[in-house]
Amino acid sequence: MSDTEDLAALLEDTTPESDERLYVPYNAGWTAHIKQTGGTERCFAQHPGQDFFHLIVKGEIYLESGDERYCLTCAMRRGIVTRDRMFWQRATETPTIEPLEDSSEFSLRDDS
Ligand SMILES: [Zn+2]
């Protein structure tokens, strides 16, 4: 398959208005989780203007790297997560977050 065909295949089922997929361009060390239990785990970031850390609720998808944990809103705001399906074409851009030392694969992990 040519590069042009690859690109067409990537885009054919994508309309930006309805595409809910998320991508982690610099994903070394990051894992996606679904919170399985109750408890008081919190996001490691605050929204501008807020003075509390977000509670991550049971069933919520969040990202984790080492001791850092982010709700998707904060991960998006920090540039860890993007809706830009074409991020890989701009791989020369400087990441807005530093890659972490753990190079484990990005994966959906079931903690149960
Ligand atoms: Zn958050």
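Okay, let's start with burial: the chain has 112 residues, and 12% of them count as buried. By buried I mean that 20 or more other C-beta atoms lie within 10 Å of the residue's own; exposed is 12 or fewer, partly exposed is in between, and the C-beta atoms are placed from the backbone.

Before I go on, this is a predicted model, so local features need pLDDT of at least 70 and side-chain atom pairs count only at pLDDT 80 or more, while totals for chains, interfaces and linings use all residues. Numbering starts from 1 along each chain as its sequence is written.

How confident is the predictor? pLDDT is its confidence in each residue, from 0 to 100. The chain averages 79, with 71% of the residues scoring at least 70. Confidence is highest in β1, at a mean of 97, and lowest in β4, at 46. Over residues 98–112 the pLDDT is below 50, although this stretch still has 25 contacts in the model beyond near neighbours in sequence. Where pLDDT is low, the predicted coordinates should not be read in detail. A contact, by the way, is two residues whose C-beta atoms, placed from the backbone, lie within 7 Å.

Now the layout. There are two helices and four strands, and along the sequence they go α-β-β-β-α-β. Those are DSSP runs numbered from the N terminus: helices are H or I with at least four residues, strands are E with at least two.

Which strands pair up? Pairing here takes at least two DSSP bridges between two strands. β1 and β2 run antiparallel, joined by four bridges, and H33 sits opposite Y62 in β2. Then β2, residues 61–65, is joined to β3, residues 68–71, by four bridges, again antiparallel. L63 faces Y70 in that pair, and S65 has E68 as its bridge partner. β2 and β3 make a hairpin with two residues between them, and G66 in the turn has a positive phi of about 60°.

On to the core. The largest nonpolar core has 11 residues: W30, C43, I56, Y62, L63, Y70, C71, C74, A75, I80 and V81. The elements giving two or more residues to this core are β2, β3 and α2, which is 72–78. A core, here, is a set of buried Ala, Val, Leu, Ile, Met, Phe, Trp, Tyr and Cys residues joined through C-beta atoms within 7 Å. Take C71 from that list: leaving out residues up to four places away in sequence, C71 touches C43, H54, I56, E60 and Y62.

What about contacts across the chain? Counting those between residues at least 6 apart in sequence, 63% join residues at least 24 apart.

Last, two loop residues. N27 is in the loop between α1 (3–11) and β1 (31–34). N27 counts as partly exposed because it has 19 other C-beta atoms within 10 Å. From N27 to S65 is 38 residues in sequence, and 9.4 Å in space, C-alpha to C-alpha. M86 is in the loop between α2 and β4 (108–109). Buried or exposed, M86? Exposed, because M86 has 12 other C-beta atoms within 10 Å. M86 and Y23 are 63 residues apart in sequence, with 9.6 Å between their C-alpha atoms.

Methods
pLDDT = per-residue confidence, 0-100.
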